[in-house]
Every structure is written in C-alpha cells, then in structure tokens.
Amino acid sequence: MKIISPKEILLYFTFLISMVSFAQNKSDRELILIDKYWRFSFGHLYDTQKDFGHAEGYFSYLAKTGFADGPAAPGFDDRAWRKLDLPHDWAVEQSFSEKASFSHGFKAAGKGFPEKSIGWYRKKIAIEKSDQGKIISLKFDGVFRNSKVFFNGHFLGTEESGYNGFEYDVTAYVNYGGENTIVVRADASMEEGWFYEGAGIYRHVYLQKTNPLYVIQNGTYVTSEIQDNNAEVTAEVTIENKGKYKGAIEILQTITDASGKQVASISENAVAPDFYKTAKYTSKIKVNNPLLWDLDAPNLYRLFTQIKQEGKIIDSYESNFGIRSIKFDPEKGFFLNGKSIKLKGTNNHQDHAGIGTALPDELQYYRIKKLKEMGSNAYRCSHNPPTPELLDACDQLGMLVIDETRLMGINEYHLNDLKRLIERDRNHPSIFCWSVGNEEWNIEGGIVGERITNIMQGFSKSIDPTRPVTVGISSGFKSGISSVVEIMGYNYMGNGDIDAHRNEFKNQPGMGTEEGSTFATRGIYFTDDSKHYQSAYDKKPRPTFYSIEEGWKFYASRPYLAGMFIWTGFDYRGEPTPYGWPSVTSYFGMMDVCGFPKDNVFYLKSWWANEPVLHLMPHWNWSGMEGKEIDVWVHSNCDEVELFLNKKSLGKKKMEQYGHLEWKVKYTPGTLEAIGYKNGKKILTEVQKTTGNPEVIKLSVDKENPSNAIVSVITVEVTDKKGLHVPTANDQITFSISGGKILGVGNGDPTSLEKDIFLDDTNLVPITDFEERKSVSVDNANQSALEDANGWKPAFKDRDYKNQASAYIYRGKFELKNNLQSNIVDFFYKKIGVNESVFVNGNLINASTDDPQKYHLDKAVLKEGTNFITIRASPLQKVKDWDVMNTDPGIIKVVTPSESWKRKLFNGYAQIIVQKNEKAGEVTLSASAKGLQTGTVVIK
Ligand code: GAL
C-alpha cells in the first residue's frame with residue numbers, strides 16, 4: 001500500500017497551480033470562493049417576531065418580486081449579528097441536552113429546539129460595473145437544510161436537500177458597481193438522516209461569472225475506453241446560450257496530464273444554441289499510453305473545454321477525470337483496470353470531532369489518508385451525497401467510492417436529487433458505483449421496492465451508463481429490491497443467507513455494503529455498562545451481527561463477493577447504540593471521531609494492507625489488578641508471534657489466516673513484548689510498558705497533515721518522565737494559541753459532554769415597552785423630562801406624519817441576564833429620528849467614533865435585570881406618502897467572551913484542530929494542565 005508523500009502532495013499542488021494559470025490566461029470565467037465574512041444570527045421556527053419579522057409584510061416575497069422582508073431585505077441592519085466564515089455548523093456549537101435527538105448526538109439544536117433550528121446568514125458583495133453583460137450566479141455546495149436564498153431582496157428559490165449542491169442565476173438582480181446582499185435562511189428543524197447532520201451553510205459557497213454562452217453547471221461528462229495501450233476519451237459538453245450569440249462556434253477540447261502538459265486536443269465546429277436553449281456536443285479524443293487511475297497511482301487528467309467564436313474564447317471550463325476501467329463479475333468480484341480487487345471498504349458519515357459537519361478541506365484528506373493507512377481501498381458515502389472535496393480527496397489519494405443518494409422514490413424530489421448527484425460526480429474516477437438507497441425497510445422486500453429500484457436504476461443509467469447501481473438491503477435477501485438490483489448490496493450477514501441468495505441469482509454480482517456494527521471504546525479493555533464503556537476487543541456485538549474478524553473471513557473466502565464495507569471507518573455523532581444519553585457518539589468506528597485508532601484498525605491493517613503488522617493489546621497499566629488474568633491479543637500478519645512478560649516467554653503461537661492470537665496473562669507491571677516471525681525470521685517487535693504518572697504534555701502535528709496546510713490536526717497526549725505515552729491519562733488540558741485560531745477540540749470519548757467549540761456568547765437583547773412623548777426640542781440638559789410620568793404612549797402608534805412634534809422622547813427597557821466585567825455591550829441604533837441623543841439608566845452615552853449609530857455601553861451605566869434606554873430625537877419626515885418609516889430603535893448586543901479552550905484527554909489522547917491566520921508566518925499552540933509540564937508546538 002502506498003501513502004502519498006509530502007513531495008507528491010507538493011507536485012499535486014503544482015499541478016493545480018499550473019492548471020489555474022492555464023485557465024486564467026484563457027477565460028473570462030471566474031469562480032470566486034465567498035466563504036469569508038458572513039453575518040449570522042438565529043431566527044425562530046414559528047415565532048415571526050423572533051424571526052426578525054420575516055415574511056410578515058403585507059406583500060410577501062412570494063406575492064411581489066423583490067419584496068423579501070426582515071433579514072431577507074437588503075437594507076436590514078445586521079451590524080449586531082455575529083461575524084463568521086464558512087463552512088459553519090451551528091449544531092456542533094451548541095451544548096448537549098438529554099431532550100435532544102438521539103440520532104443527532106443530543107446537540108441542543110434543530111428538531112425540538114425552535115430557537116436553534118433557523119439560521120440566518122447575510123453577506124454583502126461588490127460586483128463591478130465591468131461585469132455587466134456576464135451571467136452572475138451563486139453556487140452552494142450544500143446547506144443543511146431547507147434553505148431559502150435571497151439576493152438583493154429577490155427570492156431565488158428553496159432547496160430542500162441538505163446534501164445536494166445548487167446554483168442560482170442572479171444576473172437580473174445585480175447592482176453593478178455597488179453593493180449586493182446575499183441572504184440565506186436555513187431551516188434545520190427536520191432531520192433527513194438518523195445520524196448527525198449538522199446545521200447551516202456547512203459547505204463552500206461561490207460567486208460565478210461567465211459569458212452568456214457558457215458551459216452549464218456540471219456541464220461536462222468525460223468517459224474513456226481503454227483499448228490496448230490507448231484510451232479513447234469521450235468528452236461531452238452541454239452549453240447554454242443566455243445571450244445574443246448566433247451562428248458558428250468552435251468547441252476546443254484539450255487534455256493535459258498531471259504535470260500540466262498537453263497530451264491531446266480536438267476542435268469541433270458547432271452552432272450556438274438559441275436563446276435560453278442548451279445543446280450537447282460530443283468529442284472523441286485519443287490519449288496514447290495513458291497513465292491509468294489506480295489505487296496506488298491515482299493518475300489524473302484534466303479536460304479544458306473552450307468555446308470560441310470568431311477566434312475569441314467565450315468560455316472555458318475545467319474537468320478533472322481519470323482513465324480507468326471497472327467491472328463487476330458475478331463469479332469473481334470486482335476488477336479495476338482488469339485487475340481483481342477485493343473491496344476493503346468502510347461506511348462513513350461526514351462529521352468529525354470538534355467541528356461537526358463543517359470540515360475544512362484539509363480534514364477530508366486527513367480522513368481518507370487515515371483509512372488508506374488502515375489498508376482500506378473503498379469508501380461508501382452513507383447515506384447521502386458527499387461534499388465535492390471528499391471526492392477530490394478520494395480521486396487524488398486513490399480510494400474507490402460508492403456515491404449514495406438520500407431517499408428512494410420515483411418523483412421529482414427523488415429523481416432530481418439523483419440526477420444532480422450523478423451529474424455533479426460522474427467525472428470522478430474514484431466513483432465505481434451509484435447507490436440509490438439503503439435499508440428501505442418499508443419497501444425493500446416487496447413489489448414496491450422492486451418497481452422503485454427498476455426506475456431509479458434505469459434512470460441513473462440514462463445519465464451515466466458507465467457505472468452499475470447498488471442498494472444496501474437488510475431485510476432478507478430474497479425478494480423485492482434484491483431480485484432486481486444490479487449489484488446486490490448485502491447489509492449484514494446476519495440478515496439473511498447470502499450464499500443462498502447468490503445461488504438463486506447467479507448473474508447478480510454482490511458486495512457487503514454494510515458489515516460489522518461492532519461496539520468499541522478506544523483504549524477501553526473491560527466493558528462497563530455503568531460507564532457506557534465497550535471493550536475494544538473485537539467481538540460479536542448482537543445476536544444477528546458479527547465481529548469484524550467473522551465478517552472479513554466470510555467475505556475474504558468468497559471470490560464471488562466483491563468485498564465488504566465496514567460500519568464504520570470513523571465514529572460519528574449520534575446513534576450511540578448500545579447506549580443512550582449521556583453517550584453522544586457512535587461506538588461502531590474502527591477509529592474514534594478524531595481518527596485515533598481503536599485496536600480493530602490493526603486487525604484490518606494486518607489483512608488489508610501490504611506491510612508487516614504487529615499490534616499488541618491492551619496497554620500495560622493495570623495497577624490494582626496484580627495477579628489477575630488479562631486477555632492479551634495480538635493483531636498481526638506475521639506467521640508466528642511469541643509473547644514475553646518481563647523477558648519470560650509465554651509461548652509462541654501460529655497465526656491463522658485472517659485471525660488473531662490470544663493469551664491469558666496474569667498481570668505484573670513491567671514490559672509485555674511480542675515478537676513477530678516471518679519465514680522463521682524475527683521481523684517485528686512490539687511492546688506495552690507499564691508507565692509512570694503523567695508528567696509532560698506533548699503536542700504533535702499529525703503525520704497525515706499536508707506540510708502547506710492552513711488547517712492542522714494536532715494530537716495532544718501526556719508522557720511520563722521517561723517519555724512514555726500514558727494510555728490511561730485523563731487530565732484536563734487548557735489551550736492557548738497565537739498566529740491562528742482553534743476550530744474545534746475532541747477526544748473520542750463517546751460520553752464526553754464537554755464543549756466542542758469555545759465561542760464568545762452573543763446575545764441580541766430587544767428593547768421592549770417602547771414609548772414616546774412629544775417634546776419641544778432635543779434637550780440633553782433637561783433630565784427631569786426623562787422621569788416625567790405623564791404623556792407617554794406606545795411609540796409610533798397612530799403617528800400623524802404630516803403633523804409631527806418638533807421632537808420626541810422615546811423610552812424602552814432591556815433586560816440583562818448579568819452585568820459581568822468581561823461583557824461587551826453595544827447598542828446598535830437604527831434611525832428613528834435625527835439629532836438623536838441616547839441615555840441609558842439616565843446617563844448620556846456618546847456615539848462610537850467608528851460608527852455614529854453605535855453606542856458602547858459601559859458596565860458602570862448598566863445593571864443586572866431591567867435597564868432603561870431613552871432616546872431624544874427630532875422626527876424623520878416622509879418624502880412621499882407611501883414611504884415606510886422605521887419604527888425600530890435598534891438592538892442591544894451583549895457579548896460574553898468565552899473561557900479558554902480546554903479538553904480532557906480520553907485514555908491518553910485529545911485532538912485539537914487549528915487554523916493559521918492568513919498573514920501569520922506560524923501558529924504557536926500551547927497546552928497546560930495542573931501539575932504537568934506545558935507543551936508547545938509551532939506550525940510553520
Ligand atoms: C444500519 C444502517 C446504518 C446504521 C447501522 C447501525 O442498519 O444502515 O445507517 O444505522 O445500521 O448499526
């Protein structure tokens with residue numbers, strides 16, 4: 001097995017850079033990442049007042065174009081909202097609650113939490129005058145979920161899926177040469193999956209500019225056929241004409257290899273499609289002696305599609321692809337490039353420790369590399385379309401992929417999702433199979449399942465005939481979906497008789513789409529239900545499920561089965577089976593939520609990877625268990641292993657193929673040592689030593705971290721004074737950082753209810769009971785007018801704008817939960833008059849120098865509980881009768897800075913994910929704990 005070296009990664013980035021410059025020289029097309037500088041606030045699921053009055057207007061945004069109101073209106077004042085960068089998952093930022101969703105990891109957000117189920121995002125962007133005439137669109141890689149998007153107050157559409165990408169053309173609404181406002185309202189009140197799904201804009205967002213004759217979204221489809229040493233590449237491109245182009249055009253298709261060198265090119269003559277029509281053009285391009293995409297050598301090519309008219313390039317579009325062949329054989333399993341490959345797969349959800357579903361791209365590479373290191377060669381995106389960067393990582397690192405849609409059905413909702421998934425992903429060489437469903441218990445065994453599968457299968461073939469279709473099936477392997485699906489997806493040996501099914505359906509290839517579902521807690525060797533601990537020895541978890549070893553022995557011994565996908569590679573939030581609260585993550589993973597290996601990783605590595613493995617478990621810190629028997633297991637692919645305790649041999653044992661070795665050892669502190677032999681020769685030694693107490697904190701950059709990454713994964717551990725890792729340490733560590741920020745912390749403990757993210761607490765406090773009385777002038781000296789009890793009425797009620805007083809005094813209340821020294825309190829005033837002066841609890845407040853409509857409120861003028869605010873101002877005058885005047889005085893923002901980032905170690909480890917500041921040369925992370933020597937790491 002080959003792990004990508006930093007040099008290769010560097011080469012790949014050079015490839016990317018060369019590609020980008022190739023493109024930039026030749027095209028007007030721009031794809032601009034707009035993840036930075038968004039404003040965010042929670043709204044409310046059903047209380048429109050708490051949803052900033054959205055959709056309360058007399059004419060709704062569905063009644064009149066451009067009538068989006070509340071936060072969806074361009075002029076909405078969002079100065080008090082939190083600033084953040086995408087990707088963002090608001091669910092992971094919340095605390096845990098027993099009342100929250102079991103399947104979503106008990107995060108107090110989404111379903112059942114109406115005040116944490118609606119997220120509003122706003123962003124302003126400038127679009128230049130020179131962009132006039134271009135097609136301007138917004139591209140979202142995925143928003144969880146049910147998002148509505150507005151642009152300059154125009155409603156663009158609703159996207160229900162929390163997983164599919166979508167794009168909106170905003171050309172007609174653009175304010176050229178000025179400011180434009182993008183607003184997204186995400187509604188995570190409903191769950192799509194039975195696993196943690198996050199909430200909000202958790203994937204990238206782009207602004208795209210093209211000429212009006214352009215390659216549509218996901219508009220190329222590149223396939224290849226290999227004959228002898230050559231490949232015939234078929235490049236299909238779909239273009240649309242949203243402008244006045246007419247007549248002859250030229251379509252130029254150029255293929256470059258990984259070094260950026262042109263390997264083939266072809267030009268076709270065509271005719272521009274009519275206004276708002278699309279047209280498809282297909283070119284056949286020969287590539288001689290192609291470097292095939294393979295697991296160990298994931299060679300990629302790039303197709304540059306250019307549209308020209310009268311010699312001028314109108315659009316250019318880039319598509320990564322790979323040249324490879326795939327085949328399923330009902331007798332012999334799966335073949336990649338004609339070579340038989342046993343699929344050694346894992347299922348995975350998309351979340352990671354600390355950061356939920358908002359994974360920086362680097363984390364996708366980190367996770368795929370961890371799986372490859374275990375010897376895995378295949379990944380099932382269970383049970384939803386993944387983010388595009390996951391697929392890029394699989395393409396670049398050499399990992400086969402089953403790409404899965406969310407829901408079975410034959411209507412627009414289902415088929416359109418499937419279509420968009422396939423059209424988005426079909427150029428990825430890593431994808432070898434589409435999955436159109438998983439464990440659809442209601443229908444899988446019957447005629448309805450059969451009908452739906454026939455349609456979805458045929459439908460996916462109509463979009464991509466080059467890949468087969470599977471469904472993960474669990475309830476019996478006999479009828480319904482099982483009888484018609486192209487590649488049988490067995491979910492668990494315990495759910496039926498796999499051999500019997502295969503004997504009945506001899507022409508149907510099959511694979512284990514799910515196997516395992518075993519329970520293990522990393523670093524735990526005794527099951528203790530009172531602590532929700534599952535021992536990490538591989539074991540049969542439930543009567544109808546099997547151990548990892550039983551599973552692999554079954555699949556490895558049947559050539560007709562293409563392989564198996566373990567449930568799961570990594571632990572994930574939610575589904576903490578066999579427990580419930582306060583367990584919040586799953587126990588199924590071969591690795592924990594951070595990617596720290598449980599011992600089963602080494603069972604798999606022994607039989608999946610190509611390198612010699614010797615792993616000895618458990619650790620040897622069993623103080624208090626002296627003289628008691630401990631199960632000692634060895635995972636290895638050596639022929640024989642001899643075990644020693646304090647230099648005394650406990651016997652040499654022969655390793656059975658796909659097995660493991662066991663000893664019962666009476667505990668004495670010291671050194672447990674395993675020696676592995678191959679062909680009679682000692683090749684590996686592994687020790688577990690009893691350690692001293694924790695003394696020193698050690699921080700290290702994970703070895704899978706790319707050297708030039710902005711985001712780094714840091715391992716936190718403690719050692720004894722001899723430098724030995726202490727496997728039982730559970731110290732709480734406090735972190736500090738300079739030159740960057742911390743994105744999240746985790747430790748792999750399924751029962752940890754510690755914070756994942758330490759965030760300043762932002763509270764928007766409304767001004768209530770807002771009243772007014774008339775005044776002759778704005779008189780700051782006359783304090784008695786503030787206390788005057790007479791003449792007050794609700795502010796702006798029945799205001800006769802034609803006969804206003806020359807000045808008004810307004811007063812209202814706001815409540816403060818506390819008046820902490822560390823609070824930062826500001827009043828964001830919205831104009832209800834001119835020449836205003838503002839008082840809080842009788843004290844005149846000066847406007848800020850940076851923003852004349854912002855008033856910083858010092859602790860000295862505030863108190864816990866009810867506070868009074870008074871505003872004196874001359875009224876605003878209507879210009880036209882129908883002018884709508886602002887009656888909202890603004891909002892108080894209270895920010896309570898977060899405490900320091902901290903996390904307990906769990907059985908010796910924690911993980912911290914850090915992001916370098918753009919301008920900083922390096923990041924320094926320090927970790928301290930009472931009684932331990934501080935650890936520091938510098939990331940250049
Ligand atoms: C399967 C299901 C998975 C997961 C797993 C847990 O039935 O497909 O999504 O829930 O069970 O054992």
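Begin by selecting Ile 410, which counts as partly exposed because its relative accessibility is 40% (buried is under 20% relative accessible area, exposed over 50%, partly exposed in between, with a 1.4 Å probe and protein chains only). The model is predicted, with local features needing pLDDT of at least 70 and side-chain atom pairs counting only at pLDDT 80 or more, while totals for chains, interfaces and linings use all residues. Residues are numbered from 1 along each chain as its sequence is written, and side-chain values use heavy atoms, leaving out hydrogens and water.

Ile 410 sits in the loop between β23 (400-404) and α4 (412-425); helices (H or I, at least four residues) and strands (E, at least two) are DSSP runs numbered from the N terminus. Next, display Leu 415, Ile 452 and Ile 455, with which Ile 410 is in contact once its neighbours within four places in sequence are set aside (contact means heavy atoms within 4.5 Å).

Now move to the ligand. Residues around the ligand include Asn 438, Glu 439, Tyr 492 and Phe 588, where near means that a heavy atom lies within 4 Å. Select His 383: an N or O atom of its side chain is 2.6 Å from a ligand oxygen atom. For Trp 194, the distance from a side-chain N or O atom to an oxygen atom of the ligand is 2.9 Å. At Arg 542, a polar side-chain atom lies 3.4 Å from a ligand oxygen atom. The ligand taken alone exposes 310 Å², of which the protein buries 90%, with areas from the Shrake-Rupley method and a 1.4 Å probe.

Note on methods. Polar contact = N/O pair within 3.5 Å; in protein donor to acceptor, adjacent residues only side chain to side chain.
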